[in-house]
Amino acid sequence: MMADDADRRIPVVILTGFLGAGKTTLLNHLLQQPEMAETAVLINEFGSVAVDHHLVEKIDDDVILLDAGCICCTVRGDLTRSLTDLFMRCLRREIKPIRRVVIETTGLADPSPVIYTLMEDFFLAERYRIDGVVTAVDATHGEGQLAAHGEAIKQVAMADRLLLTKADLATPEQLAALSARLTTMNPSAPQLPIARGQVPPSAILACGLYDPAAKSPDVAGWLAEEKVRDERRKAHGHHHRHDVDRHDAHVYSFALTFAEPLAWPSFADAVGVLLETMGERILRIKGLLNVVGDHKPRVVQCVQHVLYPYTRLDDWPAQAPYNDRQSRLVFIVRDLDQSLVEQAFAMFCGVRDQC
Ligand SMILES: Nc1nc2c(ncn2[C@@H]2O[C@H](COP(=O)(O)OP(=O)(O)OP(=O)(O)O)[C@@H](O)[C@H]2O)c(=O)[nH]1
């Protein structure tokens with residue numbers, strides 16, 4: 001079934017992709033395009049201290065931050081509430097009309113519960129339709145992530161469009177090998193290599209109604225599993241219980257807060273040593289840093305063993321927790337003891353976590 005002109009439901013794009021694949025970068029580019037006007041954005045993050053919503057350069061305030069935690073586990077109820085609330089606020093004309101919603105999931109999200117919720121929740125399914133699952137795959141780290149993380153496989157298999165990000169950093173051989181791998185996993189999804197998030201909106205919009213039958217047989221199975229989980233949850237009244245079996249229990253997040261401004265060279269040394277010695281176990285680092293001599297907050301990003309060039313925000317966010325101008329770094333790691341990371345910062349920067 002295709003969405004026709006009579007379908008007045010609000011289209012929802014689900015933007016997914018493994019940790020650090022470039023979802024926020026892509027979103028920032030898209031939201032600058034006139035075709036994307038009147039788009040509400042829902043952002044979900046895994047770490048306890050959210051960073052991404054400060055990095056989305058959106059002029060108005062249609063960016064909604066979902067509760068901390070992963071959208072496919074604890075935050076599902078919050079997704080339903082946020083979309084319901086958004087619709088009702090539009091109806092009551094408390095906010096400008098919206099033409100579309102983009103949901104940026106955490107890099108660890110299994111998209112199936114999000115898809116399931118949008119298709120099966122009675123209130124939502126009457127008012128919203130899935131306009132496509134767009135999956136960003138990091139051309140430089142994608143193959144390793146697909147080999148190590150079941151979530152990355154699901155994100156690819158469920159996609160309507162696959163964006164091979166960081167094409168500027170990948171070799172032609174890397175791109176070709178990744179593309180061949182993606183084709184075997186999801187032959188029907190068009191693939192598009194992109195650099196620095198630069199993709200025309202037409203490449204991600206109007207994918208048609210989400211059709212699990214057009215995907216690999218696994219996809220229908222994952223959605224059926226979701227139904228079973230949902231029924232079990234309802235039967236046991238465990239609406240807010242974390243699905244412990246959904247994520248790899250070895251992967252977890254912690255945040256470090258430093259009260260004193262950091263000297264950039266010492267910080268770079270600490271991160272350099274961490275990435276060199278424990279890079280395999282560091283999936284993602286991101287945060288805002290108060291650097292000696294710099295009035296603007298620096299945005300720090302690492303994906304596995306790569307430290308990306310820092311950027312700056314124009315000003316410190318006015319909202320807590322960042323309004324205290326302390327540096328905060330969120331780590332998503334696999335089997336890595338927080339104390340080892342703390343030791344590196346104590347040794348190189350002479351700072352201790354405040355929490
Ligand atoms: N050179 C280059 N860097 C990129 C590209 N896309 C993203 N990056 C960088 O990669 C890092 C991670 O990008 P994000 O857009 O934050 O990735 P994400 O998928 O939103 O990350 P999570 O939300 O943590 O999963 C940032 O430092 C980006 O600047 C690209 O195409 N080329």
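**Cavity lining, a helix pair and a salt bridge**

By class, six nonpolar, five polar and one charged residues line the largest cavity of this predicted model.

User: How much space lies in the largest cavity?

Analyst: The structure holds one cavity of 30 Å³ or more. Gly-17, Phe-18 and Thr-135 are among the residues that line the largest cavity. The space in this cavity is about 60 Å³.

User: Which element gives the largest share of the lining of the largest cavity?

Analyst: Two or more lining residues come from each of β5 (128-138), α6 (142-148) and α7 (150-157). The lining includes Ala-136, Val-137 and Asp-138, together with Gly-142, Gln-145 and Leu-146. Ala-152, Gln-155 and Val-156 also belong to the lining. The largest share is four residues, and the element that gives it is β5.

User: What is the handedness of the crossing of α10 and α11?

Analyst: Helix α10 spans residues 264-278 and helix α11 spans residues 338-349. Their axes come within 8 Å and cross at roughly 145 degrees. The crossing of α10 and α11 is right-handed.

User: How many residues of the contact of α10 with α11 are nonpolar?

Analyst: On the α10 side, the contact includes Phe-267, Val-271 and Leu-274, as well as Ser-266 and Asp-269. Leu-340, Ala-344 and Phe-348 are among the residues that α11 brings to this contact. By class, the contact holds one polar residue and one charged residue, while the number of nonpolar residues is 12.

User: Which residue forms a salt bridge with Arg-99?

Analyst: A search of the whole structure finds 13 salt bridges. In the one that Arg-99 forms, the closest N and O atoms are 3.2 Å apart, and the partner is Glu-38.

User: How many residues apart in sequence are the parts that the pair of Arg-99 and Glu-38 ties together?

Analyst: Arg-99 lies in the loop between α3 (76-91) and β4 (100-104). Glu-38 lies in the loop between α1 (23-31) and β2 (39-43). The pair therefore ties together parts whose separation in sequence is 61 residues.

How values were computed
Residues are numbered from 1 along each chain as its sequence is written. This is a predicted model: local features need pLDDT of at least 70, side-chain atom pairs count only at pLDDT 80 or more; totals for chains, interfaces and linings use all residues. Side-chain values use heavy atoms; hydrogens and water are left out. Axes are lines fitted to C-alpha atoms, for helices over the stretch in contact, and angles run from 0 to 180 degrees between N-to-C directions. A crossing is left-handed if the near helix is turned anticlockwise from the far one by less than a right angle, and right-handed if clockwise. Contact means heavy atoms within 4.5 Å. Ala, Val, Leu, Ile, Met, Phe, Trp, Tyr, Cys and Pro count as nonpolar, Asp, Glu, Lys and Arg as charged, and the others, Gly among them, as polar. On a 1 Å grid over the protein atoms alone, a cavity is a set of points where a 1.4 Å probe fits but cannot get out, and a pocket is an open set with protein on both sides within 12 Å along at least five of seven lines; lining residues have an atom within 4 Å of a point. Grid points are joined across faces, edges and corners, and a volume is the space filled by probe spheres set on the points. A salt bridge is a side-chain nitrogen of Lys or Arg within 4 Å of a carboxyl oxygen of Asp or Glu.
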